[in-house]
Amino acid sequence: MSYLFPPTIPSVPIVGRSERFPVNRVYCVGRNYEDHAKEMGFTGREPPFFFLKPANTLVVVNAGETGQMPYPTLTSNLHHEIELVAAIGKGGKGIKAADALAHVFGYAVGLDMTRRDLQGDMKKQGRPWCIGKAFEHSAPIGPIVPAEQAGDVLNAQIALQVNGKDRQRSTVSKLIWNLAETIEHLSAAWELQAGDLIYTGTPEGVGAVVSGDLMVGSVAGLPDLRIQVV
Ligand code: MN
């Protein structure tokens with residue numbers, strides 16, 4: 001077989017393994033921590049909702065390294081959203097929450113970077129969020145830790161510092177829809193496949209970064225994600 005031009009296969013390193021995790025689809029959960037939903041002007045437990053980023057929007061940052069994210073075009077309000085990312089190792093549809101965690105290969109720290117001004121314009125007009133969410137370099141991610149080595153990440157501290165100061169700090173246990181419930185909802189709508197990533201949602205404290213800012217994202221038990229806006 002030959003290709004007209006070289007194909008690209010986005011992938012993420014796996015801690016302790018020589019193989020990389022090939023990425024299929026990148027699902028994101030909207031407004032999945034109560035205090036973030038409130039800061040975005042919503043209250044209550046609405047059903048989970050999802051959007052997608054193309055896999056080539058990932059910025060893969062190795063443990064101990066500092067990645068770079070170019071400041072994107074068209075925005076003057078680029079927001080950080082620190083998130084726990086689940087990496088699906090075994091696909092399926094109609095997965096029940098009680099069985100869901102067996103489909104998770106591992107976990108990583110991710111950022112769902114958002115052109116908030118453009119997202120807001122689209123929301124007002126009832127149009128898709130793509131331009132606000134699914135742009136190049138919008139999905140920084142650190143290495144994947146296999147689930148059996150990741151510790152209790154579903155109850156871990158999650159935080160983001162910008163230039164050494166706390167912007168976001170919460171615990172993953174405050175997710176409105178926990179990971180197992182999220183997988184149940186997602187796999188009712190899509191047949192999950194090995195290689196899918198799920199950005200599980202961000203806690204309160206989202207805010208803007210500018211060129212030069214250094215973001216350090218953390219979920220206890222996983223390698224930090226360090227990335228500079230350039
Ligand atoms: Mn998000």
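C28 stands opposite Y199 in β15. This is a predicted model, in which local features need pLDDT of at least 70 and side-chain atom pairs count only at pLDDT 80 or more, while totals for chains, interfaces and linings use all residues. Residues are numbered from 1 along each chain as its sequence is written, and side-chain values use heavy atoms, with hydrogens and water left out.

Strands here are DSSP runs of E with at least two residues, and helices are runs of H or I with at least four, numbered from the N terminus. β3 and β15 (residues 197–199) run parallel and are joined by three bridges; two strands pair if DSSP finds at least two bridges between them. β3 also runs antiparallel to β4 (residues 50–53), with four bridges, and there C28 has F51 as its bridge partner.

In a regular strand the side chains alternate between the two faces of the sheet. In β3, V26 and C28 lie on one side and Y27 and V29 on the other, and all are buried (under 20% relative accessible area, with exposed over 50% and partly exposed in between; 1.4 Å probe, protein chains only).

A nonpolar core is a set of buried Ala, Val, Leu, Ile, Met, Phe, Trp, Tyr and Cys residues joined through side-chain atoms within 4.5 Å. The largest has 42 residues, and Y107, I183, M215, V219 and L222 have the most contacts inside it. Among the elements that each supply at least two residues of this core are β3, β9 and α5. Apart from it lies another core of 17 residues, including F51 and Y199.

The manganese ion has E81 (OE), E83 (OE) and D112 (OD) as protein donors, 2.0 to 2.1 Å from it. Donors are N, O and S atoms within 2.8 Å of the metal (3.2 Å for Na, K and Ca); water is not among the atoms, so sites may look incomplete. Both E81 and E83 are buried.
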